[in-house]
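Student: I would like to learn how to read the features of a protein model, one at a time. Could we go through this one together?

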Amino acid sequence: MTIFWNDLHNAICTTLKREIPAIQTCEVYPAIRKELVAPAVFVELASLEPGKDAGTEELALKARFEARIVIDSTVENASIIVRALAAEVAKVVNKNTFNMNISPGEFLSAEVDGFRPELDAYSVWLVEWAHEVHVGQSTNHTEYASNSGPKPPNTPNTCVGCVWCLCGV
């Protein structure tokens, strides 16, 4: 299960850097340093909330992610640049599955973020979005195999990642 979450975080950063060439640094759960290469994006899984129960004995979760867009505040037009990058991040994460078997991203909000004292020297905006994931073993494996989209394998005890049963397909 850890591999799924690690792969998802890495897929988010890889996609953001590919789709937004201005991003110089993209890290997950970064150790904030005194100096960083900006523009930077820091990605974190912020919370897990109840999701929509699929009736398969899996735990349905709404995984809420945060991306902090960090710009050196001394750069000319830093306030505009950070907002423009926040809008670009929102555009990329919205409806994106990052080639993982999760629901398409649902953009929730983007706003100034002043809650990280270690980033006070920077202009920071926070983008939030969510994905639906199901964790655990599906008791209804064959029913979902008939749906369009990824097909779960024949061995239900291998579930670790797809939208329906987290089988990793």
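Student: Which kind of contact do the side chains of Arg 64 and Glu 49 make?

Tutor: Happy to start there, and please keep in mind that this is a predicted model. Here is the general idea: side chains of opposite charge can pair when their charged atoms come close. In this case, Arg 64 and Glu 49 meet in a salt bridge, with 4.0 Å from N to O. The pair links distant parts of the chain, since Glu 49 sits in strand β2 and Arg 64 in strand β3, 15 residues apart.

Student: Is Glu 49 buried, exposed or in between, and what is its relative accessible area?

Tutor: Glu 49 is partly exposed, and its relative accessible area is 33%.

Student: Which salt bridges does Glu 66 form?

Tutor: One joins Glu 66 to Arg 64, where the closest N and O atoms are 3.3 Å apart. Another joins Glu 66 to Arg 68, with the closest N and O atoms 3.2 Å apart. Because the cut-off for buried is under 20% relative accessible area, Glu 66 counts as buried at 11%. Arg 68 is buried as well.

Student: Which residues do salt bridges with shared partners join into one network?

Tutor: The network consists of Glu 49, Arg 64, Glu 66, Arg 68, Asp 113 and Glu 128. For the whole structure, the count is eight salt bridges.

Student: Let us turn to the strands. How should I read the sheet, and in what order do its strands lie?

Tutor: As a general idea, strands of a sheet pair through backbone hydrogen bonds, either parallel or antiparallel. Here five strands make an open sheet with mixed pairing, and the order is β1-β2-β3-β5-β4. The edges are β1 (25-28) and β4 (106-112), each of which pairs on one side only. On average, neighbouring strands are turned by 25° against each other, ignoring direction.

Student: How many bridges join β1 to β2, and do these strands run parallel or antiparallel?

Tutor: There are four bridges between β1 and β2 (residues 40-50), and the two strands run parallel. To place this on the residue level, look at Cys 26, which stands opposite Val 41 in β2.

Student: Where do the helices lie relative to the sheet?

Tutor: Helix α1 (residues 2-19) packs on the sheet and touches β1, β2, β3 (59-72) and β5 (122-135). The direction of helix α1 makes about 140° with that of β2. Helix α2 (residues 78-93) lies across β2, β3, β4 and β5, and runs at about 10° to β5.

Student: Which residue is joined to Cys 26 by a disulfide?

Tutor: The partner of Cys 26 is Cys 13, with an S to S distance of 2.3 Å. This pair links distant parts of the chain, as Cys 13 belongs to helix α1 and Cys 26 to strand β1, 13 residues apart. The angle about the S-S bond is -80°, and the link is left-handed. The structure holds one disulfide.

Student: Are the two cysteines buried or exposed?

Tutor: Cys 13 is buried at 8% relative accessible area, and Cys 26 counts as buried at 14%.

Notes
Residues are numbered from 1 along each chain as its sequence is written. This is a predicted model: local features need pLDDT of at least 70, side-chain atom pairs count only at pLDDT 80 or more; totals for chains, interfaces and linings use all residues. Side-chain values use heavy atoms; hydrogens and water are left out. Two strands pair if DSSP finds at least two bridges between them. Axes are lines fitted to C-alpha atoms, for helices over the stretch in contact, and angles run from 0 to 180 degrees between N-to-C directions. Contact means heavy atoms within 4.5 Å. A disulfide is a pair of cysteine sulfur atoms within 2.5 Å. Buried means under 20% relative accessible area, exposed over 50%, partly exposed in between (1.4 Å probe, protein chains only).
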